[in-house]
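Subject: Structure handover

Hello,

Please find below the structure I promised to pass on. My notes on it follow directly after.

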Amino acid sequence: MNRFTRAAVLGLVLATAAPLAAEAQDRGDRRENRRDYREDRRDDRQDYRRERRDDRRDWRNGQYDNRREYREDRRDDRRDFREERRDDRRDFRRDQRWDRNNRDWWRGRDDFRDYRGTRSGYWYAPSYGYYRVEPRYYNQRWSRGSYLPPAYRSYYVRDPYVYGLGPAPRGYRYVHAGNDIVMIAVATGLIASVLSGAF
């Protein structure tokens, strides 16, 4: 082979080898670029997860504090509301209580809504209305130690506080008996005390 052909073959080999080497180098660069890209994405995802975790932790801590403050505020509001209602009830009860010196203390009360004064042959029990009474009991003066007849034991006093009475002892109830309030033993009807002229 002459020099000229050798040079041509060598030129041809170099001409084809250079692109192959460049292509191999390009493939290596691309592989390296992909590796770098994956690593960057992995780092970005890890940073993102870390930031989200931190954000959630901060949010939870902030929300926890907010919820605690919200609960405390609600508790305070409920406490204030209860105290105000208690005061209102106390004031209302004080205004609506029985007063021996005021014969019209009952006017305007719901439990006396249908009260029209005394009626012959009837007694009146607040919240119950008028009910018929045997003539022998109509002007009865109740006293401690006597017995209230069974027919008249079911007209319980709904709110003893209105009449300045404390709660009845166990086994006893306050009952309306005409214009009086008597405390009776529930089982026997024995009268333990009498508040006369309630209204």
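From the N terminus on, the elements of the protein chain run α-β-β-β-β-β, which makes 1 helix and 5 strands. Helices (H or I, at least four residues) and strands (E, at least two) are DSSP runs, numbered from the N terminus. This is a predicted model, in which local features need pLDDT of at least 70 and side-chain atom pairs count only at pLDDT 80 or more, while totals for chains, interfaces and linings use all residues. Residues are numbered from 1 along each chain as its sequence is written, and side-chain values use heavy atoms, with hydrogens and water left out.

Of the 199 residues of the protein chain, 23% count as buried. Buried means under 20% relative accessible area, exposed over 50%, and partly exposed in between (1.4 Å probe, protein chains only). The areas come from the Shrake-Rupley method with a 1.4 Å probe, and for residues only the protein chains shown count as cover.

Helix α1

Helix α1 covers residues 3-96, and D44 is in it. D44 also belongs to a patch of negative charge on the surface, together with D29, E32, D36, E39, D40 and D43. A patch is made of residues with over 30% relative accessible area and no salt bridge; like charges are joined within 9 Å, and nonpolar side chains (Val, Leu, Ile, Met, Phe, Trp, Tyr) within 5 Å. Lys and Arg count as positive and Asp and Glu as negative, with His and the chain ends not counted. The place of a charge is taken as NZ of Lys, CZ of Arg, CG of Asp or CD of Glu. D44 itself is exposed, at a relative accessible area of 51%.

Salt bridges

The structure holds 4 salt bridges, a salt bridge being a side-chain nitrogen of Lys or Arg within 4 Å of a carboxyl oxygen of Asp or Glu. Among them is the pair D47 and R50, whose closest N and O atoms are 3.0 Å apart. Both residues lie in helix α1, 3 residues apart, about one turn of the helix. D47 is partly exposed at 36% relative accessible area, and R50 is partly exposed at 42%.

R79 and D76 form another of these bridges, at 3.0 Å from N to O. R79 and D76 are 3 residues apart in helix α1, and therefore separated by about one helical turn. R79 is partly exposed at 39% relative accessibility, and D76 is partly exposed with a relative accessible area of 36%.

The side chains of R136 and E134 also meet in a salt bridge, again with 3.0 Å from N to O. Here R136 counts as exposed, at 59% relative accessibility, whereas E134 is partly exposed at 36%.

Strands

Strand β1 (residues 122-125) and strand β2 (residues 129-132) run antiparallel and are joined by 4 bridges. Two strands pair if DSSP finds at least two bridges between them. W123 has Y131 in β2 as its bridge partner. The two strands form a hairpin with 3 residues between them, and S127 in the turn has a positive phi of about 80 degrees.

Which strand holds Y174? Y174 lies in strand β3, residues 172-177. Y174 is buried, with a relative accessible area of 11%. The C-alpha atoms of Y174 and P160 are separated by 7.4 Å, the two residues being 14 residues apart along the chain.

Regards
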